[in-house]
Every structure is written in C-alpha cells, then in structure tokens.
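Please keep the sequence and the structure in view while reading.

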Amino acid sequence: MNKHILITGGAGFIGSHVVRRFVTNYPDYQIVNFDTLTYAGNLENIKDIEKSSNYTFVKGDICDAAAVEKVLHDFQIDTIIHLAAESHVDRSITDPLAFVRTNVLGTATLLNEAKKYWNGNYDGKLFYHVSTDEVYGSLGETGFFYEDTSYDPRSPYSASKAGSDHLVMAFYHTYHMPVVISNCSNNYGPNHFPEKLIPLSINNILNKKALPIYGKGENVRDWLYVIDHASAIDVILHKGKIGDTYNVGGHNEWTNIDLIKLLCKLMDEKLGNAAGISEQLISFVKDRAGHDLRYAIDATKLKDELGWVPSVTFEEGLSKTIDWYLENKDWLEQVTSGNYVNYYKSLYGA
Ligand code: NAD
Ligand code: TDX
C-alpha cells in the first residue's frame, strides 16, 4: 500500500537519515518533511534527495496546531514518524522550558491534530514516536534496559521525552490511536551536530582544541550507527506491533574516556599524525549536573520478533563517521559558525 508519511524533525541528525532511507527505498510513498529548522535543523543534510518527486519539505513548528492541521490535510497523511525534538541534555539543563515546550507540548499537539484529522478512522494509520533510552534513567555497573523497565528520567531532556512517551500511550489507550514507540541508545554518524560528544571531539581534534571530558570519563554509553537506527525504524514501522515499544541498541558499551582514546587513535592514523598526539588534547572538566552513569539497551525483542540487527561494528561505523567529517569540512564550518561560538563559550568557557 502507498503511504503518505509525515516525518517531523527530518532536517536534524537522525531525521535526515530516516528521510533519505524512505525517499530512496520507497518511491511509491510520499514523504513530507515537517521541520521548523532550529539551530539543529539543516536542509544541507538532505540536499541529495531534495529534488526527488516523492519528497516535499514544509517548514513548520509541531507546537503550532494550525500548521500541523494544514500539513496533515494538504498531504492526506496516514503515517507519522515523529522525531522533532530538542535533543541535547546540556541545553536542557540551561533551558528546561524549551524542552517541555517542544517535546511535551509539541508531541501533544501532533497527537491531538492527528486524532482530529483521522477522526476515528484508524485503518492504515500509524503514529510512530521515536524516543530514547534515557527515559529509563541510569544503570549501575551491571544490568540492561528492557521494554518493561520502569521510567526514571533524571534530566529535563529525558523527563520531557518520558512525558511525550506517556502522552503517546495515553492516546493509544484512551482513543485507540494506532501507535508504536522505539527507545534507542546513543546514535553517532554523519551529520551529527558538534555539540554532542563524538562530533564535538572530531571538530576539536581538527582544530587542535581541548577535548572536554566530563568528570572522570567513566560514564558509559551504548553507541549505535545512525544508519542502523534508520533501518530499525523502517522495520518497526512496517512490522512492529501496534501499542508496543521496541528498544533499539547495538550492545556496544564504551566509557567516554575509552571512546575518546579510540577516536584519537583513528584520527591520528587518518590525519597522518604521530601516534598519541590527539590524546594529549584530552582535558577533564567539571561534571555534567545529574550525569547518568550508564545506559545499556537490551534489543533482544527487536531481534527475535522483527529480525533487526545492526549492520556495522563500532570500529567500522566510527571510521566511516570520521571519513564523512573529513570529507565534509564545509558542513562542519557552516554549523560551527554564528551562534555555535556563543553556545560553546557559555558551556566550555573558551
Ligand atoms: P536533532 O536535535 O539533531 O534534530 C531535531 C530536529 O527537530 C531538528 O531538525 C529541528 O529543527 C527539529 N525541531 C526541533 N523543534 C521543532 C519543532 N518545534 N517543530 C518542528 N521541528 C522541530 O535531534 P536528533 O539527535 O536527530 O534526534 C531525533 C529524535 O531522536 C529526537 O526525538 C531524540 O529525542 C531521539 N533520539 C536521539 C538519539 C541521539 O543519540 N541523538 C538517541 C535516541 C533517540
Ligand atoms: O563535551 C562533552 N563531554 C563529555 O564528557 C559532551 C558533550 C558530553 N560528554 C559526555 C556526556 C555523556 O556521558 O559524553 C557522553 C555523551 O554525551 P552526549 O553526546 O551529550 O549524549 P547523551 O547525553 O548521552 O545523550 C544522547 O543520547 C541519547 C543524545 O544527545 C540524546 O538525544 C539521546 O536521547
């Protein structure tokens, strides 16, 4: 069946890979990218597919009910993949209300307008909500997050994402809206905005600037290549069970310090530097407030029920990611000019 899919946040990091995958792999689907283009949204991310006949970009805010109503009607949307969000934990510590507005109010507005537009006719309809493993809180040294792990968010970002997940399930139970949710671990890959650990460190190595590691660098994250997240979203959209949630992750845990040391080694090799040069840039700085110790996803349900597994190892994915940044220095320069300079100074001082 042909689908008319609204992808929110399709100009951002993960959204751009999801848009590209659906536009390219499903020529019979109409893909509408609805994005308000915050600092994190960049149409350059999807320049290669912008002229495709099955693709349209609409600039709009998910908190603007009239704009959402219009795009749903104009394109007869039957499927929503909702990625638009404020996504950076450090920014949520500085400005929590921006996260409540976009992630909670924005998701509620999108759900409410979809409910009104679909008007109880849910045949062939789906609201797919893309969420994060951070809603589960922080793990100790052992254990994993499962789909039935209790929510225990600790940052304004994760609390706002938890709120959005709860709203999605409320629309499922109360109005029988067909929904599905996935909770994914940390993504990395091309087009990642350089406020996040990996692209920030790549950019700083290129500019021979300090690599800020919060606390002792002992916090653990579970990293997944963004293109594998896009493939998981594809599988869940087509085969996921209505009303279910799926954890997405690659069983790939790294302490921040070990990860940055590996990144330094790969960068030195690719740049032809003497071994160990980039590691000298590592600088331990004040810890993030409320810094979650460890995230680790158990993605067995997704593997066993829907047959999804990641396609690359971490070393392959990280190598491809570095290559992309080395080949796209213009993109990096474009996104680190302007407001980025002020953001960087306010968080890191120099
Ligand atoms: P991002 O910050 O790179 O992109 C967010 C996009 O949403 C941008 O294009 C931005 O312009 C758009 N946007 C923001 N507010 C909007 C609004 N009010 N209306 C319309 N568009 C708006 O984020 P990302 O890292 O690509 O994350 C995408 C989604 O995946 C988010 O929901 C995030 O919570 C989730 N997620 C991210 C990760 C990760 O590691 N980055 C992991 C798991 C889940
Ligand atoms: O300069 C830094 N130094 C540092 O030590 C930055 C930016 C981060 N860190 C640490 C904090 C984390 O332990 O590195 C780890 C990764 O940090 P981020 O890249 O900011 O990601 P994280 O906070 O783990 O959240 C990410 O994964 C889950 C995404 O930003 C979220 O959107 C997603 O939901």
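The sections below cover the ligand shell, one serine and several salt bridges.

## The model

The structure is a predicted model. Local features are described only where pLDDT is at least 70, and side-chain atom pairs count only at pLDDT 80 or more.

## The shell around ligand 1

How many residues surround ligand 1? There are 28, and the closest are I14, D35, S87, Y157 and K161. Sorted by class, the shell consists of twelve nonpolar, 13 polar and three charged residues.

The side chain of S87 places a polar atom 2.7 Å from an oxygen atom of the ligand. In the side chain of K161, an N or O atom is 2.7 Å from an oxygen atom of ligand 1. G12 uses its backbone instead: one of its backbone N or O atoms lies 2.9 Å from a ligand oxygen atom. On its own, ligand 1 would expose 840 Å², and the protein buries 96% of that area.

Which elements give two or more residues to this shell? They are helix 1 (13-25), strand 5 (126-132), helix 5 (156-175) and strand 7 (186-188). Strand 5 gives the most, with three residues.

## A serine in helix 5

Helix 5 also holds S160. Is S160 buried or exposed? Its relative accessible area is 2%, and the cut-off for a buried residue is under 20%, so S160 counts as buried.

Beyond its neighbours within four places in sequence, S160 is in contact with F99, V100, N103 and V104. With N103 there is also a polar contact between the two side chains, at 3.0 Å.

## Salt bridges on partly exposed residues

A search of the whole structure finds 16 salt bridges. One of them joins E50 and K47, whose closest N and O atoms are 3.4 Å apart. Both residues are partly exposed: E50 has a relative accessible area of 34%, and K47 has a relative accessibility of 44%. K47 and E50 are also part of a network of salt bridges that includes K51.

Another salt bridge links the side chains of K70 and D74, with an N to O distance of 2.6 Å. Where do these two residues sit relative to each other? Both lie in helix 2 (residues 65-74), and because they are four residues apart, about one helical turn separates them. D74 is partly exposed, at 44% relative accessible area.

D90 belongs to helix 3 (residues 89-94), whereas R288 is in the loop between strand 12 (282-285) and helix 9 (300-306), so the pair ties together parts that are 198 residues apart in sequence.

Are the two partners buried or exposed? D90 has a relative accessible area of 6% and is buried. R288 is at 18% relative accessibility and also counts as buried, because the cut-off is under 20%.

Note on methods. Residues are numbered from 1 along each chain as its sequence is written. Chains are lettered from A and ligands numbered from 1 in the order in which they are written. Side-chain values use heavy atoms; hydrogens and water are left out. A residue is near a molecule or strand if one of its heavy atoms lies within 4 Å of it. A polar contact is a pair of N or O atoms within 3.5 Å; within protein, one must be able to donate a hydrogen and the other to accept it, and residues adjacent in sequence count only if both atoms are side-chain atoms. Accessible areas come from the Shrake-Rupley method with a 1.4 Å probe; for residues, only the protein chains shown count as cover. Ala, Val, Leu, Ile, Met, Phe, Trp, Tyr, Cys and Pro count as nonpolar, Asp, Glu, Lys and Arg as charged, and the others, Gly among them, as polar. Buried means under 20% relative accessible area, exposed over 50%, partly exposed in between (1.4 Å probe, protein chains only). Contact means heavy atoms within 4.5 Å. A salt bridge is a side-chain nitrogen of Lys or Arg within 4 Å of a carboxyl oxygen of Asp or Glu.
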